[in-house]
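User: Could you walk me through some helix packing and a pocket, and show me the reasoning behind the labels?

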Amino acid sequence: MGVSDNSTGLILAVLSSGFIGTSFILKKKGLKKAAASTGFGAGHGGYTYLQEPLWWAGMITMIVGEAANFVAYAYAPAVLVTPLGALSIIVSAVLAHFLLKEHLKRMGVLGCVSCIVGSIVIVMHAPEEHTPSSVEEIWNLAIEPAFLLYVAATLSLVAALVMHFEPRYGQTNILIYLGICSLMGSLTVVSIKAIGIAIKLTLEGVSQVAYPQTWVFVTVAVLCVITQLNYLNKALDTFNTAIVSPIYYVMFTSLTIVASVIMFKDWKDQSVSDIASEICGFITVLSGTIVLHSTREQEPSVAPGTVTWYDQDPIKTVEEDEHLITIHNSDYFN
């Protein structure tokens with residue numbers, strides 16, 4: 001017996017979560033190292049992390065994970081693939097505990113278990129994938145009034161967050177950066193699913209390359225991914241990794257499921273009991289991420305004019321040839 005499309009998508013989604021969870025840690029270590037050497041990180045508008053090999057290792061790992069996720073969306077519906085991102089939360093939280101000393105408490109472990117249980121429930125009741133026969137069929141779904149209204153609302157919220165809220169609250173409210181990431185991410189997913197289906201159909205002998213709609217989806221996906229990465233870097237550099245991961249997951253997954261249900265009508269042929277089970281599973285995942293978030297240590301933000309010590313001990317004596325501080329105020333050198 002051959003492997004079903006849903007099973008293929010499931011396997012790829014699990015592998016993707018492992019890579020993405022690891023990428024959070026590698027990128028975070030690269031961002032911290034860049035901030036330590038210059039005093040200005042991504043959260044303060046710096047881009048020195050681009051010179052850090054660790055950040056690039058994280059970037060490559062994320063690309064591999066996203067590639068697996070990309071293919072998964074071509075085989076399975078978003079309501080199956082997206083919730084499995086909970087596994088990336090667990091991977092990043094565990095690795096952060098050991099590698100970044102961001103301590104994972106017992107209630108945090110309970111939160112991780114809740115994420116796994118909720119994801120399993122969703123997988124068990126997920127709808128079967130229905131592959132459109134052409135990219136034109138997907139385009140017709142994208143230009144229906146309901147989805148166009150969702151797109152308009154999403155872009156309006158992103159514009160408000162970028163122009164009004166980010167300059168005022170970006171450094172203190174994690175929802176600003178992650179809201180932008182998640183809103184754009186929901187559009188990324190539906191675009192990537194369309195591209196994945198187009199590639200799948202092309203490989204099966206029904207070329208979709210000549211359709212202009214294919215390249216519209218590609219353009220939208222590229223723009224959305226660039227925006228996501230920019231604001232995700234800012235979030236990682238400003239806030240604790242074990243907080244960024246679950247909140248990003250909750251917001252991204254919620255909005256992606258909404259976008260997919262509106263555009264691809266994933267719940268159209270499902271029974272009320274299956275839909276209710278998926279919602280209950282998703283609520284369980286949300287509860288787990290909230291528990292994980294509430295038990296994590298807050299990462300202190302660095303105010304201008306302060307001194308940061310890069311050793312584990314908050315107070316220690318200065319030893320010869322040891323770099324310990326970065327001064328976060330350029331006026332010091334004037």
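Analyst: Happy to, and please keep in mind that this is a predicted model.

User: Which residues in H4 and H5 meet?

Analyst: From H4 come Ala-86, Leu-87 and Ile-90, and they meet Cys-112, Cys-115, Ile-116 and Ser-119 in H5. By class, this contact has six nonpolar residues, one polar and no charged ones.

User: Which residues of H6 meet H9?

Analyst: On the H6 side they are Val-135, Glu-136, Ile-138, Trp-139 and Ala-142, and their partners in H9 are Gln-213, Thr-214, Val-216 and Phe-217. The contact of H6 with H9 has six nonpolar, two polar and one charged residues. Glu counts as charged, and Glu-136 is among the H6 residues here.

User: At what angle do H8 and H9 pack?

Analyst: H8 and H9 pack at about 150°, with their axes 8 Å apart. The crossing of H8 and H9 is left-handed. The residues of this contact divide into 19 nonpolar, seven polar and one charged.

User: Now the second largest pocket: which elements give two or more residues to its lining?

Analyst: About 800 Å³ of space lies in the second largest pocket. Its lining takes two or more residues from each of helix H1 (5-38), helix H2 (53-75), H4, helix H8 (174-203), helix H9 (212-238) and helix H10 (241-264). H2 gives the most, with eight residues.

User: How many residues line that pocket, and which lie nearest its centre?

Analyst: The pocket is lined by 36 residues, with Ile-20, Glu-66, Asn-69, Ile-192 and Gln-228 nearest its centre. By class, the lining has 24 nonpolar, eleven polar and one charged residues. Glu counts as charged, and Glu-66 is one of the residues nearest the centre.

User: Last one: how do you know what Val-261 touches?

Analyst: Contact means heavy atoms within 4.5 Å. Leaving aside residues up to four places away in sequence, Val-261 touches Val-79, Asp-266 and Trp-267. Val-261 is found in helix H10. The C-alpha atoms of Val-261 and Phe-147 are separated by 9.5 Å, although these residues are 114 residues apart along the chain.

Methods
Residues numbered from 1 in each chain as written. Predicted model: local features only at pLDDT ≥ 70, side-chain atom pairs only at ≥ 80, totals over all residues. Heavy atoms only, no water. Helix = DSSP H or I, 4+ residues; strand = E, 2+ residues; numbered from the N terminus. 1 Å grid on protein atoms, 1.4 Å probe; cavity = no way out; pocket = protein on both sides within 12 Å on 5 of 7 lines; lining within 4 Å. Points joined across faces, edges and corners; volume = space filled by probe spheres on them. Axes fitted to C-alpha atoms, helices over the stretch in contact; angles between N-to-C directions. Left-handed = near helix turned anticlockwise from the far one by under 90°.
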